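I opened my notebook to keep track of what I looked up in this structure.

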Amino acid sequence: MEAPTVEDELAPEEATSVMDWSELPLDALASVFGKLGAIEILMSAGLVCRSWLVAAMVPELWRSVVMAHKVVENMDYDALTAMAKVAVDRSGGQLEVFVGKLFVTDELLKYIGDRSPAMKAVGLISCEDVSNEGFTEVVAKCPLLEDLMLLQCDNQLGSEALGVATMHGLRSLALIGTNITNDELAFVLDSCPHLEVLDLRGCFKIVVDDALRARCAAIKSLMLPR
């Protein structure tokens with residue numbers, strides 16, 4: 001009788017130690033996917049196998065869609081727009097947070113607004129193709145909006161001061177690197193009585209004086225341009 005080889009000794013143990021990740025329970029997969037970003041799920045993880053695709057369709061996974069990482073800068077805007085729409089559709093109306101960089105347009109904002117009644121936070125970074133009119137329209141469709149961030153998005157500033165007249169529930173507002181003026185800011189403050197956080201860093205048209213500080217005295221977290 002031949003003595004067992006090294007391969008014979010190792011094979012059974014190795015066979016039992018190899019895990020089939022496609023057989024993970026749906027809730028476990030969804031929990032793992034929850035630690036990934038929207039682009040990672042749509043372009044890689046959600047395409048591995050059928051069970052992973054099913055997990056990537058869970059609406060709760062798409063309550064927050066952030067597409068503002070550095071990788072976005074080198075991607076096709078049409079592809080990003082298509083992915084954003086898929087993410088919105090998968091949320092099943094549960095989308096609460098959307099952040100987009102560079103590629104967001106009026107048309108995409110309208111698509112999001114029409115399908116996201118639960119939206120609470122919106123962030124736009126260097127989105128030159130979003131107009132004041134388009135922004136105001138989507139804001140009107142999101143009555144639960146509490147958090148707004150505009151970073152270097154000057155097209156959304158105008159006589160309507162960001163359309164905040166309809167955002168009475170706003171609690172956090174960041175207008176970083178925009179051209180907002182003191183008069184427009186006064187309109188914002190009058191329209192948002194519940195504002196707790198205001199970030200005006202890089203807003204060099206703002207004149208920081210005693211009058212402005214007095215107007216902002218009730219704001220808990222205030223960041224002014226230097």
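What follows are my notes on a predicted model.

**Core.** I started with the largest nonpolar core, which has 58 residues. Which residues touch the most other members? I noted Met-67, Phe-98, Phe-103, Val-104, Leu-124, Leu-185 and Leu-198. Helix H5 supplies the largest share of this core, 5 residues. I also checked the domains: domain 1 (20-60) and domain 2 (61-223) both give residues to the core, so the core lies between them.

**Thr-81.** Next I went to H5, which runs over residues 77-91 and holds Thr-81. Is Thr-81 buried or exposed? Its relative accessible area is 12%, and the cut-off for buried is under 20%, so Thr-81 counts as buried. Not counting residues up to four places away in sequence, Thr-81 touches Phe-103 and Leu-108.

**Helix H7.** Then I looked at which residues of H7 are buried. I wrote down Asn-132, Gly-134, Phe-135, Val-138 and Val-139. Down the helix axis these buried residues fall within an arc of 165°, so they line one face of H7. An α-helix has 3.6 residues a turn, so residues three or four places apart point the same way. On the face of H7 turned away from the buried side I found the exposed residues Glu-133 and Ala-140. What covers the buried residues? The cover includes helix H6 (106-115), strand S3 and strand S4 (147-151).

**Ser-126.** I stepped back to the loop between S3 (121-125) and H7 (132-140), where Ser-126 lies. The side chain of Ser-126 makes a polar contact of 3.4 Å with the side chain of Gln-152. Beyond its neighbours within four places in sequence, Ser-126 is in contact with Gln-152 as well as Leu-102, Leu-151 and Cys-153.

**Cysteines.** Last, I asked how many disulfides there are. Cys-142 is buried at a relative accessible area of 5%, and Cys-203 is buried at 0%.

Technical notes:
Residues numbered from 1 in each chain as written. Predicted model: local features only at pLDDT ≥ 70, side-chain atom pairs only at ≥ 80, totals over all residues. Heavy atoms only, no water. Disulfide = S-S within 2.5 Å. Buried < 20%, exposed > 50% of the residue type's maximum accessible area, 1.4 Å probe, protein only. Helix = DSSP H or I, 4+ residues; strand = E, 2+ residues; numbered from the N terminus. Polar contact = N/O pair within 3.5 Å; in protein donor to acceptor, adjacent residues only side chain to side chain. Contact = heavy atoms within 4.5 Å. Core = buried A, V, L, I, M, F, W, Y, C linked by side-chain atoms within 4.5 Å. Domains from an automatic or database assignment. Arc of directions from axis to C-beta.
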